[in-house]
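Hello! I am handing over the structure we talked about, and below it you will find my notes on what turned up. Please have a look at the picture first and then read on.

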Amino acid sequence: MLLKKLTEANGVSGNEDEVRRIIIEEITPFVDNIKVDVIGNIIASKNHHLSGPKLMLAAHMDEVGFMVVSIESNGLLKFRAVGGIDSRILVSKHVVIGENKINGVIGAKAIHLQKRNERTIPLTIEQLYIDIGAKTKEEAEKTVKIGDYVAFVSEYLTMGDNYAKGKAFDDRVGCAVLIEILKHQFDMPIYAVFTVQEEIGLRGATVASYAVNPDLALIIEGTTASDVVGTDSKHYVTQLGKGPAISVMDRGMIANPIFNKYITIIANNNNIPLQVRQGATGGNDAGKIHLHKEGVTTGVISIPVRYIHSTNSIINIQDYDNTILLTKMFIDGVSKTKGMTI
Amino acid sequence: MKNIIKKLVETYGPPGNEQQLREILIQEITEYVDGIKVDVLGNIIAHKKGNGKSKRIMFAAHMDEIGLIITHIDKDGFLRFSPMGGIKVNNLIGDRVQFANGTKGVISCEELKSWKDIDINKLYIDIGVNSKDEAEKLVNIGDACGMTREFLDLGSRIVAKSLDDRIGCAILVEMIHKLKNIQLDNDVYFTFTVQEEVGLRGAKTAAYAISPDLGIAIDITIAGDTPEPPKVDIHLGKGPAIKLKDVSMITNPAVKKLMIDTAENHQIPYQLEVLPYGGTDAGAIHLTKDGILAGCISIPCRYVHSPSEMVDLQDVIHAVQLGIKIAEEF
């Protein structure tokens with residue numbers, strides 16, 4: 001199962017190699033050309049010889065995680081976040097460190113040793129450490145070193161009626177959608193880009209858009225869903241099971257109105273549920289791509305993810321399937337009329 | 001000039017929603033320039049041809065104004081929103097807004113225990129409907145609204161919403177009109193940009209397309225001549241300000257000299273601006289491609305990002321003169 005394979009692989013920003021290898025293996029039979037650029041983006045093309053608008057599809061390979069910054073004399077590891085992580089979710093989580101995937105557990109001072117006021121304030125990352133079962137610094141240094149990446153460990157499981165839990169749905173769902181899309185034939189030049197380092201500042205997309213120089217771009221993202229108890233409906237952003245989401249605005253881009261209109265028509269014509277992302281926070285690779293050179297017509301389709309950026313996130317599998325369908329219908333439409341003709 | 005200023009400031013145009021301004025501006029300038037292009041993001045790039053052997057100058061003023069984008073409609077038809085650009089929450093309560101389709105509404109706030117609790121999430125827009133269904137006939141999630149406010153003529157001082165940066169747009173229009181029968185050596189690109197308020201986005205793609213030898217933004221700057229003012233040495237009526245620094249750019253010394261020399265040679269009053277916050281399109285222009293010489297002519301403005309921004313018309317007229325002289329002599 002593609003989502004299982006992709007989400008159980010580790011790819012903290014700047015260290016996407018394991019994910020990259022899986023993706024290259026998956027897409028090789030279906031594309032004409034694969035290139036990995038200097039900072040690690042995969043740029044795979046189909047039909048690059050055809051005329052017509054050049055479409056760039058993008059999803060980012062990287063996930064949020066951590067890096068080891070020091071090893072204490074007692075063998076415990078101090079660490080820092082790579083990307084945006086809520087430090088309240090970290091205590092007692094299982095992680096793996098470095099290329100050899102050394103097991104560790106995130107720990108903190110025991111509650112009975114915490115002062116009264118410490119108990120009411122969430123622990124910061126500076127107060128936490130990773131315990132790898134080493135007794136001394138020397139023992140720890142045999143298996144880990146400063147600069148090693150740290151990733152969450154989380155098994156992909158399906159649950160309930162069409163739900164799945166796992167880590168890194170942001171944005172392995174997008175990677176999986178692109179892989180499924182590449183299995184189809186289209187009558188236009190397509191560049192599928194699996195980007196690196198999105199979580200720390202849209203860095204991969206910046207250079208990839210320069211290399212591809214697209215006429216049209218579509219980003220597939222995992223986005224936050226806060227449709228849970230205790231959240232007022234005005235702060236849901238997206239809801240699970242209500243279909244793929246289009247954005248109106250985020251910190252990096254104001255949505256292209258033509259794209260939003262076009263994708264809404266396609267969704268309606270094909271009876272695909274579509275929701276509008278009700279918020280203006282966050283950002284994704286589109287923020288860089290749409291400002292490339294003289295400007296690129298750019299759209300974003302997002303899959304809602306509950307508990308995003310954590311060790312156990314939840315998606316609705318129908319939302320995922322519908323995103324694949326919607327993306328395919330979008331490309332079919334654009335390739336038929338050589339652009340977004342409404 | 002007051003007529004075109006009034007027309008521009010009373011027009012709707014939050015970031016990404018500049019279409020109504022685009023129509024007005026294109027109509028105002030079409031017969032005065034040699035070519036007009038609208039790019040993917042919606043920037044207007046108007047070209048006045050030079051002799052083909054000289055330099056390329058880009059003048060940029062942004063069309064967009066700060067606004068609000070609707071993120072939620074509740075069952076009773078009240079709208080919740082997020083800011084587009086540097087909204088000051090305290091300025092919003094009691095204000096009136098308009099949408100692209102003409103729908104209007106008022107902003108109010110949930111009951112607060114103390115004014116210290118004010119937060120944008122507690123504010124809502126009331127468009128005078130009773131239900132979500134009724135509201136959705138007029139407004140959808142993702143629609144943007146801007147303030148409404150009539151142009152106020154106080155003589156030399158004028159007051160309006162969105163003088164940031166419709167005053168810059170008006171200055172460009174005036175420059176274009178005044179240059180009608182003048183053949184310049186330089187190729188001049190008058191650019192009306194989009195999405196400045198959310199991160200100088202339009203200027204970035206426009207500067208790439210134009211690839212000028214000199215880029216000059218025309219925008220407002222914060223005045224420090226009111227009771228207990230921000231600590232900036234800028235006064236209304238003492239001339240346009242030549243920007244030396246803000247968060248987005250340190251002005252190149254060659255551009256600084258060019259602007260000061262041009263003003264002094266033609267007895268145009270000016271002030272020097274060092275702004276500890278904010279940025280303008282010049283910030284995006286000067287980092288385009290392999291780097292572009294850029295500067296900014298700033299119009300001193302009181303009450304920036306409120307529905308009642310104030311500038312002095314003399315500063316505006318002098319900015320037009322300075323702009324024209326730079327176009328002629330660079």
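**An enclosed helix in chain B**

Helix H5 of chain B (residues 201–210) has 8 of its 10 residues buried, so the rest of the structure largely encloses it. Here buried means under 20% relative accessible area, exposed means over 50%, and partly exposed lies in between (1.4 Å probe, protein chains only). Helices (H or I, at least four residues) and strands (E, at least two) are DSSP runs, numbered from the N terminus.

Before going further, a word on the source: this is a predicted model, in which local features need pLDDT of at least 70 and side-chain atom pairs count only at pLDDT 80 or more, while totals for chains, interfaces and linings use all residues. Residues are numbered from 1 along each chain as its sequence is written, chains are lettered from A and ligands numbered from 1 in the order in which they are written, and side-chain values use heavy atoms, leaving out hydrogens and water.

Back to H5(B): among its buried residues are B:Arg201, B:Thr205 and B:Tyr208. What do the buried residues of H5(B) pack against? Their partners in chain B are strands S2 (44–48), S3 (56–62) and S12 (187–193), together with helix H7 (281–285).

A:Met249 sits in the loop of chain A between strand S14 (245–246) and helix H7 (257–269). Is A:Met249 buried or exposed? At 6% relative accessibility, A:Met249 counts as buried. Leaving aside residues up to four places away in sequence, A:Met249 touches A:Ile254, A:Ala255, A:Arg277, A:Gly279 and A:Ala280, and from chain B it touches B:Ile69, B:Pro83, B:Met84 and B:Val198. Contact means heavy atoms within 4.5 Å.

**Cysteines**

Over all chains, the count of disulfides (pairs of cysteine sulfur atoms within 2.5 Å) is 0.

**Chain A as a whole**

Chain A holds 9 helices and 17 strands. Its radius of gyration is 21 Å, close to the 20 Å of the globule rule for 342 residues, so chain A is as compact as a globular protein of that length. That radius is taken over C-alpha atoms, and the rule is 2.2 Å times the number of residues to the power 0.38. Of the 342 residues in chain A, 56% are buried.

Happy exploring!
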